[in-house]
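The questions below ask what stands behind some of the terms used for this structure. Each answer sets a value against the definition that applies.

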Amino acid sequence: MKKLLSFKWLLTLLLVVITGYFYSKDGVITSSVVSTALIFGLPLALAAMVGIMCERTGIVNIGIEGTLLFSAFVGFFTASATDSDFYGVVAAVIAGTASGVLLAFMSISWKMDQIIAGTIINILATGLTSFLYKQGHTAPTTSEIDIPWLSKIPFFGQVLFMHGPIVYIGLVLIFVLYVALFHTSWGLRSRAVGEHPGSADTAGVSVFKLRYLNVSIAGAVGGLAGAYLSLELVGSWDRGFTAGKGFTALALMIFGRWNPMGALAAAMFFGLTQAVTNQLMFSQIVKIPDQFVNMLPYILTIVVLAISAGKVRPPAAEGQQYEKEQA
Amino acid sequence: MAGKKFSRTWLTPVVAVLVAFAIGAILIYIQGADPLKAYQSLFSHAFGSWSGIAKTLGKATPLVLSGLAVTIGLRAGLFNIGVQGQLVMGAFAAAWAGYFIHGLPIYIHLPVALLFGVAFGAGIGLIAGALKAYRGIHEVITTIMLNSIILALVDYLAGHVFQEPGQILARTPHILPSATIPNIFSMPSGFFFAILLAYGVWWVFQRTTSGFRLETVGRNKSAAWYAGISVKRSVLIAMAVGGGIAGLGGGIESLGVIGRFEPTFNTGLGFDGITIALLGRANPLGVIPGAILIGGMRGAAASMQFDAGVAPEIVDLILALVLFCVTAPFLAKWLKSTEVGAKISSGWGN
């Protein structure tokens with residue numbers, strides 16, 4: 001543990017030094033690359049939060065991809081129909097919550113295999129959205145909000161305080177989730193349910209209710225991530241445009257040890273690799289075929305898992321059905 | 001007695017399909033089209049003529065094999081979502097061998113080209129199997145990631161390295177006649193081969209110790225370990241054999257239907273395999289009716305759009321609903337039949 005801690009700080013220090021070096025060379029490009037890293041990393045981080053919230057209470061959620069695709073769809077077409085980005089985001093969050101409730105229903109009430117339940121969400125989302133999809137629609141996207149004073153700070157201003165609204169909401173949400181998970185009674189109860197539901201039940205915690213609640217809230221977070229994709233990052237919706245982000249998020253969750261801060265750091269690292277690759281391609285320093293650039297996040301996901309597997313321990317009751325003992 | 005058992009087993013899948021079609025009809029009606037006309041068009045084009053049946057069986061061939069690949073995984077306690085990637089890799093490798101290798105007679109060239117498909121599909125399956133066996137990484141994530149990696153890889157290979165000369169599209173040159181799968185009485189002969197293979201897999205699980213070993217690992221890992229069965233070895237075998245069968249499906253598609261490799265074809269075959277395997281209740285013979293049904297729908301979807309003005313994506317939606325209805329326990333409870341629920345390894349650590 002101590003060894004890993006020092007490794008973590010060493011890596012952080014190294015990143016700071018490298019960023020500082022490039023910033024002294026070319027401040028404009030460096031700020032924009034790091035800012036882009038946040039923009040690319042945020043949906044992955046939010047999607048990883050969905051996984052963390054579910055798995056900490058013992059429900060495996062591999063339906064995140066479907067939640068993202070479906071909520072991004074609902075958000076985009078609501079925004080298009082109402083001509084309002086705000087209603088779009090709200091609709092996406094509602095759609096995400098609905099997918100969370102469906103997962104909860106299948107895996108908690110119906111006691112289905114959770115991997116199959118998640119797969120059903122993915123396939124249903126794909127089928128429903130590709131059937132209902134109509135080409136040629138446009139929707140208003142969220143606009144950038146520069147935070148007064150703070151956005152004037154060199155480097156940090158552009159990196160942290162010149163973004164669309166969902167970036168701010170998302171970042172605050174991740175910090176709130178971290179605090180809630182480790183410093184509130186809700187968090188303690190949730191983790192207890194994920195580790196040993198029998199004991200939690202004996203102590204008076206309703207396992208079913210808490211699992212339902214957390215999986216549904218997680219769905220809402222997934223809806224926000226979906227809204228971010230279609231209404232803030234891309235500005236449109238296309239069949240399968242989530243491109244496996246929901247699965248990458250699961251890998252980041254594992255790499256971040258089911259801890260919101262760990263997953264956030266992992267997501268930012270992913271965002272950074274993509275931002276740096278884009279910059280290298282854009283300035284024509286390296287020429288790699290597009291296909292290999294597209295492969296990068298998937299290969300990284302497998303590598304990340306291969307490194308972290310065996311060294312991390314998932315919540316103990318994950319994926320198992322809980323049967324209340326009859327007295 | 002046997003009749004009762006049969007109906008208890010197969011009532012749920014049949015009713016699931018009917019319920020999915022009913023919900024699909026409501027959605028078609030809401031969209032302002034005539035569901036009866038749409039379904040009539042769908043079924044008459046899929047099963048109403050000899051040429052329609054030939055097309056249906058051609059479409060069903062890779063689906064039987066991808067359904068088998070998923071089934072083998074499910075039997076061994078693995079959820080192989082990577083059938084798509086394994087199939088595409090096999091399709092590319094077989095097409096490459098089909099046009100690149102010259103001067104062989106058909107009875108050597110065709111099997112060699114198909115073996116290329118099998119080997120490459122098995123190789124991709126083995127990557128996921130090895131990551132599971134030696135690093136404990138859940139196969140659902142690795143296979144999904146491999147699907148995307150392979151999609152990009154074959155797009156590059158067919159679009160740059162092995163592209164047909166003078167072609168803008170990403171596609172390989174046409175395969176040679178000596179690697180083309182011939183038709184039997186204008187029916188795709190690959191289909192009959194797929195059926196034989198399904199019987200073979202069924203026989204292995206029903207009658208051999210290797211099949212029994214895989215099944216024991218799938219049912220209870222610790223019990224299998226205690227009985228001296230190597231869990232790692234079983235995982236590797238199940239993923240390699242499943243990948244090989246999926247690769248064969250891709251190879252037959254390239255050599256018997258398309259005649260070359262083109263990345264835009266073969267999409268979705270692997271995911272239909274999941275629906276087919278669960279519809280067939282993880283029984284190797286059970287994949288055949290599901291594959292024929294879905295193959296027919298896929299083959300006739302475009303004609304249905306022409307006749308009834310319904311988007312062909314309705315097929316995707318109906319199949320998603322089939323999957324939902326067949327795995328959700330409410331139907332089984334209502335019909336008092338046995339549940340489909342497959343046991344696969346949940347959680348990331350094991």
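Q: Why is α11(A) called largely enclosed by the rest of the structure?
A: In this predicted model, a residue is buried if 20 or more other C-beta atoms lie within 10 Å of its own, and eleven of the eleven residues of α11(A) are buried, so the helix is largely enclosed by the rest of the structure. Among them are K245(A), F247(A), L250(A) and I254(A).

Q: What do the buried residues of α11(A) pack against?
A: They pack against α2 (27-56), α3 (64-82), α12 (260-282) and α13 of chain A, together with α6 (139-161) of chain B.

Q: Which helices of chain A each supply at least two residues of the side that touches chain B?
A: In the contact between 39 residues of chain A and 39 residues of chain B, these helices are α5 (114-132), α11 (245-255) and α13 (290-308) of chain A. The largest share of that side of chain A, twelve residues, comes from α5(A), and the residues of the side divide into 25 nonpolar, eleven polar and three charged.

Q: What makes α4(B) roughly parallel to α6(B)?
A: Helix α4 (residues 83-100) of chain B packs with α6(B) at an angle of about 25°, their axes being 8 Å apart. Angles under 35 degrees count as roughly parallel, and therefore α4(B) is roughly parallel to α6(B). The crossing of the two helices is left-handed, and the residues of their contact divide into nine nonpolar, four polar and no charged.

Definitions and conventions. Residues are numbered from 1 along each chain as its sequence is written. Chains are lettered from A and ligands numbered from 1 in the order in which they are written. This is a predicted model: local features need pLDDT of at least 70, side-chain atom pairs count only at pLDDT 80 or more; totals for chains, interfaces and linings use all residues. Two residues are in contact if their C-beta atoms, placed from the backbone, lie within 7 Å. Helices (H or I, at least four residues) and strands (E, at least two) are DSSP runs, numbered from the N terminus. Ala, Val, Leu, Ile, Met, Phe, Trp, Tyr, Cys and Pro count as nonpolar, Asp, Glu, Lys and Arg as charged, and the others, Gly among them, as polar. A residue is buried if 20 or more other C-beta atoms lie within 10 Å of its own, exposed if 12 or fewer, and partly exposed in between; C-beta atoms are placed from the backbone. Axes are lines fitted to C-alpha atoms, for helices over the stretch in contact, and angles run from 0 to 180 degrees between N-to-C directions. Angles under 35 degrees count as roughly parallel, over 145 as roughly antiparallel, 65 to 115 as roughly perpendicular and the rest as oblique. A crossing is left-handed if the near helix is turned anticlockwise from the far one by less than a right angle, and right-handed if clockwise.
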